[in-house]
Amino acid sequence: MSQLTYREAVRAALSEELTRDENVVLMGEEVAQFNGAYKVSEGLLEKFGDKRIVDTPISEAGFIGAGIGASMLGIRPVMELMFWSFYSVAFDQILNNAANVRYMSGGLINCPIVIRGPANGGTNVGATHSHTPENVLANHPGVKVVVPSTAADAKGLLKSAIRDNDPVFFLENTILYGEKGEVPDDEDFLIPLGSADVKREGTDLTIVTYGRCVLHSLAAAEKIAADTKASVEVVDLRSIRPLDVDTVLASVAKTHRVLIVEEQKPFASVGSQLAFMIQEEAFDELDAPISRVTTIDAPAIYSMPVEVEQLPNVDRVVAAALKVLKA
């Protein structure tokens with residue numbers, strides 16, 4: 001095991017997969033000369049050269065399209081978006097081409113591309129740089145959507161994503177890049193896409209969450225345990241599509257109460273879909289209505305103090321959890 005930051009774990013996954021498979025390439029704005037917008041690709045140009053670590057123009061539709069084309073010819077491109085918020089510029093390439101090519105070719109052509117980069121708000125970069133697009137991306141059949149919360153998960157899931165034959169959208173929460181954790185050194189350390197993880201065992205309430213909200217939920221669970229003795233289980237989805245419903249339902253069958261915590265806006269979010277699936281499959285297990293903590297339903301405010309108040313935090317999770325426990 002090594003102590004790595006989330007950023008270093010992503011870099012380790014890239015380096016190991018670039019070493020393992022000569023068909024893997026990294027492309028994106030500033031990934032080579034400037035080491036990536038958040039320094040994830042630091043040192044990779046010197047190690048692998050400019051044929052495999054490739055700077056691109058600021059043209060998301062152009063370089064994502066180039067990556068999709070390359071993937072259909074046997075290359076396994078990893079494309080870095082400077083911010084996931086700019087996915088909409090390449091929307092046609094991502095969802096009309098990458099997501100559909102295997103279906104439209106009758107299974108004859110795969111599109112083994114990974115599109116990754118920083119996402120979410122909380123960094124004081126305004127409404128156009130703070131999107132949480134996982135619900136939009138996951139709405140399309142043919143793709144996989146991954147949102148890791150820890151350094152170890154980031155490494156294991158990214159390595160699996162690069163080896164996958166479908167398009168995988170890999171969303172890295174910007175604020176998590178500096179978070180440290182133990183990461184396996186094994187170069188074959190893989191976490192299957194579509195496998196949730198119980199980050200904390202409990203018996204009285206299930207919090208279902210992912211990404212940075214896992215940290216808020218774990219802290220809230222500790223505070224509730226200290227103040228009330230109630231036992232809160234925290235389930236980290238890790239993948240939005242495929243979604244590990246079985247692990248969620250097993251937890252609901254144990255605790256009978258559910259709180260969903262996400263950094264999405266409330267309307268038509270990942271949590272909306274999850275709440276429907278829980279009530280559809282486990283209605284008789286529920287002792288209280290399902291509740292949610294989300295981002296306030298407005299574009300990200302540039303003011304840092306106001307933006308912080310928009311996002312889920314430990315206090316909001318604690319308050320919502322206590323309400324569900326008392327219902």
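A residue is called buried when its relative accessible area is under 20%, exposed when that value is over 50%, and partly exposed in between. The structure described here is a predicted model. With a relative accessible area of 2%, cysteine 111 is therefore buried. Cysteine 213, at 1% relative accessibility, belongs to the buried class as well. The count of disulfides in the model is zero.

Salt bridges, by contrast, number 21. One of them is formed by the side chains of arginine 11 and glutamate 42, with an N to O distance of 3.7 Å. Arginine 11 lies in helix α1 (residues 6-20), whereas glutamate 42 lies in the loop between β2 (24-28) and α2 (44-48), so this pair ties together parts of the chain that are 31 residues apart in sequence. The two partners fall into separate accessibility classes: arginine 11 is buried, at 17% relative accessibility, and glutamate 42 is partly exposed, at 43%.

An α-helix has 3.6 residues a turn, so residues three or four places apart point the same way. Arginine 20 is partly exposed, with a relative accessibility of 42%, while glutamate 17 is buried, with a relative accessible area of 0%. A further salt bridge joins glutamate 17 to lysine 159, at an N to O distance of 2.7 Å. Since lysine 159 lies in helix α7 (residues 151-163) and glutamate 17 in helix α1, this contact ties together parts that are 142 residues apart in sequence. Lysine 159 is itself buried, at 0% relative accessibility. Through shared partners, salt bridges link Glu16, Glu17, Arg20, Lys155, Lys159, Arg163 and Asp188 into one network.

Helix α9 (residues 245-255) has as its buried residues Val245, Val248, Leu249, Ser251, Val252 and Thr255. Viewed down the axis of α9, these buried residues fall within an arc of 160°, and they therefore line one face of the helix. Their packing partners are β10 (205-209), β11 (232-236), β13 (258-261) and α10 (270-282). Proline 242 is located in the loop between β12 (239-241) and α9, and a cis peptide bond, with omega of about 0°, joins arginine 241 to proline 242. Histidine 256, which follows α9, has a positive phi near 70°.

Glutamate 30 is partly exposed, at 35% relative accessibility, and lysine 39 is partly exposed, at 38%.

Proline 133 occupies the loop between β5 and α6 (134-138) and, at 2% relative accessibility, is buried. Apart from neighbours within four places in sequence, proline 133 is in contact with Trp84, Tyr87 and Leu171. The C-alpha atoms of proline 133 and glycine 67 are 20 Å apart in space, the two residues being 66 residues apart in sequence. Leucine 108, in the loop between α5 (101-104) and β5 (114-119), is exposed, with a relative accessibility of 76%. Together with Met72, Leu73 and Ile109, Leu108 makes a nonpolar surface patch of about 450 Å².

Valine 308 is partly exposed, with a relative accessible area of 40%. Valine 308 and glutamine 264 are 44 residues apart in sequence, and the C-alpha to C-alpha distance between them is 14 Å.

Technical notes: Residues are numbered from 1 along each chain as its sequence is written. This is a predicted model: local features need pLDDT of at least 70, side-chain atom pairs count only at pLDDT 80 or more; totals for chains, interfaces and linings use all residues. Side-chain values use heavy atoms; hydrogens and water are left out. A disulfide is a pair of cysteine sulfur atoms within 2.5 Å. Buried means under 20% relative accessible area, exposed over 50%, partly exposed in between (1.4 Å probe, protein chains only). Patches are made of residues with over 30% relative accessible area and no salt bridge: like charges are joined within 9 Å, nonpolar side chains (Val, Leu, Ile, Met, Phe, Trp, Tyr) within 5 Å. Accessible areas come from the Shrake-Rupley method with a 1.4 Å probe; for residues, only the protein chains shown count as cover. A salt bridge is a side-chain nitrogen of Lys or Arg within 4 Å of a carboxyl oxygen of Asp or Glu. Helices (H or I, at least four residues) and strands (E, at least two) are DSSP runs, numbered from the N terminus. The arc is that of the directions from the helix axis to the C-beta atoms. Contact means heavy atoms within 4.5 Å.
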